[in-house]
Amino acid sequence: MRITHGMAHRRLISDLQAAAERVDRAQREMSTQKRILKPSDDPIGAQRAILARGELAANAQYQTNVTQARGFMETTDEALDSITSLLHRARELTVQGGNDATGPDARKNIALEIDQIVAAVKMAANTSYGGVYIFGGTATTSPPYDTTTVPAVDTYGGDDNPIYREVGPGIAVAVNTRVDTAPSPLIGSGQTPGDTGLLRTLRDISDHLKNGTPADTEALRNADLQALERNLDDLSAARAGVGATIARLDAADARLASGETTATQLLSETEDVDFAQAALTLSSQQTIYEAALRSGASVIQSSLLDFLR
Amino acid sequence: MSGISSFFGLQTSLRGLLAQQAGLNVTAHNIANADTEGYSRQTAELEAVTGLKLASGALAGGGGALLGGGVDVTAYTRARDAFADLQYRAQSSLHGDAETTTSALSAVEESLNEPGTTGISALLQKFWDAWQAVGNQPEDPATKSALAVTARALTDGIRALEGQLTAIGASATSELAAITDASGPVLQDAQAIARLNGEISTAVAAGRQPNELLDQRDKLLDELSAYGQVTITELANGSVQVAFGGVSTPLLVDDTTAWAPTLPATTLFATPTPGGKIGALQTLTQVPGGTIDAYRQQLDAFAGQLVADVNAAHGAPFFAPGGTTAATIAVDPAILAAPTTIRTTSLAGAPAGANDVALGVAQLRAGAADKIYAGFVLRVGNESLDAQRRETSTAATLASASDRRASVSGVSLDEEMANMIRFQRGYQASARTMSTVDEMLDTLINRTGRVGL
C-alpha cells in the first residue's frame, strides 16, 4: 500500500483519539470505582444493578421495621413486667386480707391499696411507644383505659385488633399483645359479666375486703387467690409470647443482615471495578498513549525534505 | 545524412525543457494541494514525439527513418479509483446511520441516569419506602405528607423523563427536516453537483480533462453519501445521474435537480430508508414504530402499571385515575391537598393504627411496575450498545476505505520531492543538450572557412 502524508496524519490522529478515549475510560472507572457508568456499558449488568439496588433499599426498610417492632415489643414486655410486680403485691395483700387476724379497719386500708394497684395497672396498660398506645389494638391514638373519671370506669377503650409490621417480603408479624379478648382476657374490662381479666379480680378483692363478711373472707382466701394465680399465669404466658416474637424479630434481623451482605456483594460484583485491575489498566493505557504520542511526533516530522540539499 | 536541419537538436532540447517544466508545474500543484480535501494527485503524461520523417535513401543502407523529436505532454490525468469511491460511499452511509443513532441513544441514556441514585429506580425505591413508613406509623400525619411529597417527586421524575424523550424525538425530527428542506445540505449538494455536471460536460465536449471539477464533484458525492445511500450512473457526456436514499425518482439527472425543493421528508421517504443520517433519523422519529416512540410506549406501560397497581391496592385514587401515561401521571390532587386522606386500612371505622392497605401497597415493591422499568433500561442499554458497536465498526471500515482511496489519490510529499529532483535534473540535462547544440552551431558558424588564419 502506498502511504501518503495525509493518510499517515489521519491515522495518527484517529489512533491517538482512540488511545485517549481508552485512557479517559480507565480514568473514569478509577475515579468512580464503577464499571457501569451508563446502561449500555453492560445492559444486563445495569438491569441487575437496578434490581439489586431495589433489593437493598427494601432490605434497609425491613431492618427499620424490625427495629421499630422490637422497640414496640420491648416496651410491651416492660409494661407487662410492671403489671406482674403489681399483681405479686396484690397477692401478698390478698393473703394478708384473708387472714382472720386482720381487723376490718386494716382490711379497708388494704382495699385502698388494692384500688391504687388497679389505677397503677391501668396506667401501665396505657403505656405508649412513639406516640402509639401499645395495648389499644389499632385504636392507637387514644389511651385504652380511663384513668381520670371518678368513680373509676374500667371498660377497655381500644379495639384489640392485631397490629402487623412487615419484616420481610410478605412476612407480617403481629406486634401487639391483646388484653381484652375472650375466652380469658388478660386485663379485661373490670366487673362486666363473664369477664375474668385481672381488673375484675382486683376489683372483686377490693369489694370483698371492704364488705368484710365471713363469706367475703372465705372468697379472699380461695376464689380470689385462685383467680389471681390464673391472671399471673396468663401474664407469664403473654410475656412468653412477647419473648418469642422478639426472638422471631431477631431471626428476621439476622436474615435481613445476611440478605444485605449478599445483595451488596452482588451489586458490587455487578457494577464495581476491580481496583487492582483498574489501576493496572489505567497505567498501561497511559503508557500506550504516551508511546503513541512519542512515535507519532517523530513519524510526522520527517520527510524527504529533511534530507535533500 | 541529409534532410536533418542543423537546428533540429535545438528544437528537441526545447521540447525537453518545456516537458520537464510542465512536470515541475504539476509537482508544484500537487504539493500545494497536499492537504486539500478531495484532491486527487495529478500526473503529466509524457510521450515521445516522432518528429522527423527521413525519406528513403537518407540512410547509408538506402532506407528511410523516423527520427525522435523529443517529448510532449499529452494529458494531465488524476489518480482515482472508482471502486474505492464506491466502497467509501457505501461505508459512509452506514457510518452516518450508526453515528446519528448512537448520538440520539446516548442522549436517551444520559436522561435515564441509571444505574445510580438519581434515576427513576431510586425514586421508585423511595416511594415504596415511604409506604412502609406509613405502614409503620399509620396514625402519624407526618409519614403521610412525606409519602405525598415522595410520590410527587416520582411522578415529576417520570414526567421529566418523558419530556426528555419527547425533546430528543423532536430534535431528531427537526434535524431530519433541516437536512431535507430547500436550504438543507441534500438539495444544496444536489444543486452544486448539477452545476458541476454542466461545467464538466462542456469541458469534456471541448476535449479538456476537468480534473479539479471532477474532484469537487466527487467530494460533494462523498458528503451526500453520509446522508443516505447514493447510487451513481455515469453518463456519456461526463456528467452523472444520482439516485438517493432509495427513492425511485433520481435526485438529479445531468444538470437538473429532479426533486422539488419543498417536498417534506415524510413524503419523500414514505418508509424508512436504510443507511445514512436520514435513515437513522427516520428510524428514530417514526410514529408509530420508531425507536423513541417505542421507548415512550414502554415508559407509558410502566406508568400505567404503577397507577393501576397502586390505585387497586389503595382502594381509592392515589394517583389521579386519568393520568395513566408517563406524560400525564400525577398524584391525585385530593391526596396532595390533604395527605391525611391517604387510606391505610380497609377496616370498618378506619382505626388510626390499622395498616393493612399501607402494607398492601408497600408489597407491590419489586412487582410488575419495577420489572417493566428495569426491562426498559435494559432495552435502552442494549440498543445503545448495539449502535455504539455499529459506529465503531463502520468507523473502522470507513477509515480503511478512506485509506485505500488515499493510497491511490493522495499526495505523498516524499514522492513529489523525488519527482521534483527528477524534473529539475531533466531540465538541467535538456538545457545542457541545448548549449551543446549551440556550441556545435558556434563551431559551424564562426570557425568555418578560417583554416590557416
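Asp254(B) sits in the loop that links strand 5 (252–253) to strand 6 (256–257) of chain B. Strands here are DSSP runs of E with at least two residues, helices are runs of H or I with at least four residues, and both are numbered from the N terminus. This is a predicted model, in which local features need pLDDT of at least 70 and side-chain atom pairs count only at pLDDT 80 or more, while totals for chains, interfaces and linings use all residues. Residues are numbered from 1 along each chain as its sequence is written, and chains are lettered from A and ligands numbered from 1 in the order in which they are written.

**Backbone details in chain B**

- Asp254(B) is not a glycine, yet its phi is positive, at about 55°.
- Asp254(B) counts as partly exposed because 15 other C-beta atoms lie within 10 Å. (A residue is buried with 20 or more other C-beta atoms within 10 Å of its own, exposed with 12 or fewer, and partly exposed in between; the C-beta atoms are placed from the backbone.)
- Asn113(B) is another residue other than glycine with a positive phi, in this case near 60°.
- The loop between helix 2 and helix 3 of chain B holds Asn113(B), which is partly exposed with 16 other C-beta atoms within 10 Å.
- Pro115(B) is found in the loop between helix 2 (82–112) and helix 3 (120–136) of chain B.
- The peptide bond between Glu114(B) and Pro115(B) is cis, with omega at about -15°.

- Strand 2 (residues 65–78) of chain B contains Thr77(B).
- Is Thr77(B) buried, exposed or partly exposed? Thr77(B) has 15 C-beta neighbours inside 10 Å, so it counts as partly exposed.
- Leaving aside residues up to four places away in sequence, Thr77(B) touches Gln42(B), Thr43(B) and Glu45(B). (Two residues are in contact if their C-beta atoms, placed from the backbone, lie within 7 Å.)
- From Thr77(B) to Thr344(B) there are 267 residues in sequence and 87 Å in space, C-alpha to C-alpha.

**Chain B as a whole**

- Chain B has 13 helices and 6 strands.
- Chain B is more spread out than a compact globule, because its radius of gyration is 39 Å, well over the 22 Å that the globule rule gives for 453 residues. (The radius is taken over C-alpha atoms, and the rule is 2.2 Å times the number of residues to the power 0.38.)
- The C-alpha trace of chain B spans about 150 × 40 × 35 Å along its principal axes.
- Of the 453 residues in chain B, 40% are buried.
- Among the contacts in chain B with a separation of 6 or more, 69% are between residues 24 or more positions apart.

**Chain A as a whole**

- Chain A contains 6 helices and 4 strands, and from the N terminus on they run α-α-α-β-β-β-β-α-α-α.
- The radius of gyration of chain A is 38 Å, whereas a compact globule of 309 residues would have one near 19 Å.
- A box of roughly 140 × 30 × 30 Å, taken along the principal axes, is filled by the C-alpha atoms of chain A.
- Buried residues are 37% of the 309 residues of chain A.

**Two helices packing in chain A**

- Helix 2 of chain A and helix 4 (residues 198–211) of chain A have axes that come within 11 Å and cross at roughly 25°. (Axes are lines fitted to C-alpha atoms, for helices over the stretch in contact, and angles run from 0 to 180 degrees between N-to-C directions.)
- That angle is why helix 2 of chain A is roughly parallel to helix 4 of chain A. (Angles under 35 degrees count as roughly parallel, over 145 as roughly antiparallel, 65 to 115 as roughly perpendicular and the rest as oblique.)
- From helix 2 of chain A, the contact uses Leu87(A), Ala90(A), Thr94(A) and Gly97(A), and from helix 4 of chain A it uses Leu198(A), Leu202(A), Ile205(A) and Leu209(A).

**Where the chains meet**

- How many residues does each chain bring to the contact? Chain A gives 45 residues and chain B gives 47 residues.
- On the side of chain A that touches chain B, helix 2 of chain A supplies the largest share, 14 residues.
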